[in-house]
Amino acid sequence: MIARRTIIKGTPISGGVVLGHARVVLPGDVEFAEIAVPASRVNDEIAALEEAVKLTVAEISDLLESAGKKIGGPVARIFDAQLLIADDEQFLDQVRHAIRSQRRNAGFIYNSLVKETTAPLKSSPDSYMRQMATDIEAVAQRVLSHLSGHDKSDLKFPPNTILVGKMFTPGDVLSYRQRKAVGFLVGEGGANSHMALISRALRLPVVVAKNAYFEIANEANLIIDGTSGEVIVNPSDEDWTEYQKRKKRQGPAAIARVRKLTEIPPVTADGKAVNVGANLTLRGPADEVLSEQRIPVGLYRTEFLYLAHYDFPGEDEQFEYYDQIAEKYANSYVVFRVFDLGYDKLVADADWPHEDNPAMGWRGMRAMLDMNQIFKTQVRAILRASTRKNIKILLPMITDVAELEQARKLISQAKFKLRKQGIAFDDSIQTGIMIEVPSAAMTADTLMKKADFVSIGTNDLTQYTLAADRTNNRVACLYNSFHPSVLGLIKITVDAARKHGKPVAICGELAGDPLALPLLVGLDLDLLSMNPARIFDICRLIRKVDSGMARHLLGSVLASETQPQVIHKLQTFKNELDKMKAIRRRK
């Protein structure tokens with residue numbers, strides 16, 4: 001067991017900072033000994049099985065209802081799939097038959113057949129099959145717990161508990177959260193797993209660190225940073241103080257503070273309004289706050305509609321989801337980015353061959369244009385939800401004007417069919433593009449003639465410009481959006497947008513970086529769209545910035561030759577703002 005202060009570098013799969021004490025839940029696969037059952041007790045075993053299944057179905061039904069209230073949409077329907085698994089009569093008939101023919105106890109037979117069913121699924125190269133195995137095991141774990149009398153719902157723990165274990169199911173996450181668990185440290189799992197989707201929807205920080213659950217003691221003090229993936233075991237007092245500050249800047253508390261803002265959009269010290277927006281992935285608690293304050297959604301990612309089921313939902317299901325979001329933001333607007341998927345997220349089958357470097361391969365609009373029926377189905381659903389005239393369409397990873405023209409043609413076809421069918425939609429809906437690759441930035445002047453607006457995705461633009469994968473620890477130090485080459489491409493894009501009178505936004509991490517704020521104000525962008533947890537602090541900072549001084553700073557920064565020079569100039573500017581703030585306080 002770890003006895004001293006130790007930092008574990010894990011993989012972040014759900015953002016936010018959490019401080020608390022560990023509750024270790026060791027791998028708890030319920031094992032049943034093989035017990036011969038006399039003929040007189042066979043019906044008792046079957047009755048016990050059916051009661052365990054009945055209790056499991058009731059539990060999952062409750063989780064589905066709870067998830068529908070807290071999360072809504074397709075992600076909550078993860079529990080729909082689990083209900084089907086739990087109540088699968090064909091499988092249960094196999095179990096009943098085996099109990100009767102082999103005269104063995106229900107737990108042993110059920111467990112054996114579950115393992116027999118999931119073994120080939122777990123070893124499949126198809127991520128959908130592997131996720132199905134996980135869902136089957138999650139349901140089986142509940143049934144077996146009821147059969148054994150060891151119910152997970154009996155687990156009790158105090159507030160500020162961080163659950164530590166090999167893995168947790170979506171149902172575990174939801175039920176433990178209801179018992180005030182604040183985060184999870186798990187031994188296995190991926191960013192696109194159902195557990196990760198539920199955690200992100202509930203804004204619960206999660207980090208994956210292999211075998212950490214064997215090394216951490218119960219009640220150990222723990223800090224989890226679900227954004228960086230850093231875990232501190234037995235933190236010092238200084239760690240605790242520092243991360244308490246970080247926690248206030250992230251997560252639900254930071255979003256709740258947005259309600260305190262009295263001026264939306266915020267205005268600079270010299271009276272210039274700066275529009276701010278939110279980047280969202282799933283429906284959740286942030287929606288209420290943002291809609292109350294009439295803050296728009298500058299980027300709504302839609303690919304998690306796919307990831308919830310590892311399949312593309314139909315038009316009606318998508319329409320219902322988009323329409324509910326559009327209704328929630330009736331007093332502002334929502335920019336829906338169409339499916340931005342690649343091999344790293346897609347199910348691997350014959351249509352989606354393996355790619356060694358998915359970031360450079362078949363993803364974004366490249367994939368959507370090839371799968372044009374899926375694209376048109378999504379576009380139809382978005383168009384149908386656009387009758388309030390508060391929706392925009394955003395196309396990811398456009399690399400040249402030919403792709404944009406092809407996409408617009410497909411959108412026009414979708415509009416034509418809706419008109420022919422007499423289905424209402426916003427005929428003037430805007431279609432924008434993301435500038436995420438150098439080729440798009442370098443040809444922005446041409447692209448602006450065809451796009452209604454542009455949104456600069458600084459995360460991908462940075463990694464493509466610098467050839468540095470930000471998820472690769474060996475080159476992560478090279479990934480920095482303050483590099484002069486990245487800033488130069490941003491400036492080219494903004495200038496092209498201004499020339500053609502097109503709105504331009506930034507929706508990458510740079511938009512919510514306090515150090516970058518004066519630079520972005522100097523660029524005179526139409527929207528800064530960011531993680532909603534950063535909106536409060538950025539709005540407060542905007543009030544301190546003089547836009548004239550920011551424009552002057554912009555010229556100096558863009559003339560820099562190195563990244564350290566850029567950082568130095570921005571930090572000096574920030575320090576001057578802090579000095580002026582201190583002087584005003586003394587007065």
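1. In helix α21, the residues Pro484, Val486, Leu487, Leu489, Ile490, Thr493, Val494, Ala496 and Ala497 are buried, where buried means under 20% relative accessible area, exposed over 50% and partly exposed in between, with a 1.4 Å probe and protein chains only. Helices are DSSP runs of H or I with at least four residues, and strands are runs of E with at least two, numbered from the N terminus. The 17 residues of α21 (484–500) reach 25 Å from first C-alpha to last, close to the 24 Å expected at 1.5 Å a residue, the expected span being 1.5 Å times one less than the number of residues. Gly501, whose phi is positive and near 65 degrees, follows α21.

2. This is a predicted model, in which local features need pLDDT of at least 70 and side-chain atom pairs count only at pLDDT 80 or more, while totals for chains, interfaces and linings use all residues. Residues are numbered from 1 along each chain as its sequence is written, and side-chain values use heavy atoms, with hydrogens and water left out.

3. The largest nonpolar core has 137 residues, and Phe184, Phe375, Leu395, Ile490 and Ile535 have the most contacts inside it; such a core is a set of buried Ala, Val, Leu, Ile, Met, Phe, Trp, Tyr and Cys residues joined through side-chain atoms within 4.5 Å. Helix α21 gives the most to this core, with 7 residues. A second, separate core of 24 residues includes Leu49, Leu113, Ala133 and Ile136.

4. An open sheet of mixed pairing is formed by 8 strands in the order β1-β8-β7-β3-β4-β5-β6-β2, two strands being paired if DSSP finds at least two bridges between them. Strands β1 (6–9) and β2 (11–14) stand at the edges with a single partner strand each, so one side of each is left without a neighbour in the sheet. Strands β3 (residues 17–25) and β7 (residues 221–225) pair in the antiparallel sense over 5 bridges, and the bridge partner of Leu19 in β7 is Ile223.

5. Gln318 lies in helix α14 (residues 315–328) and counts as buried because its relative accessibility is 1%. Leaving aside neighbours within four places in sequence, Gln318 is in contact with Leu305, Pro313, Phe339, Thr377, Gln378 and Ala381, contact meaning heavy atoms within 4.5 Å.
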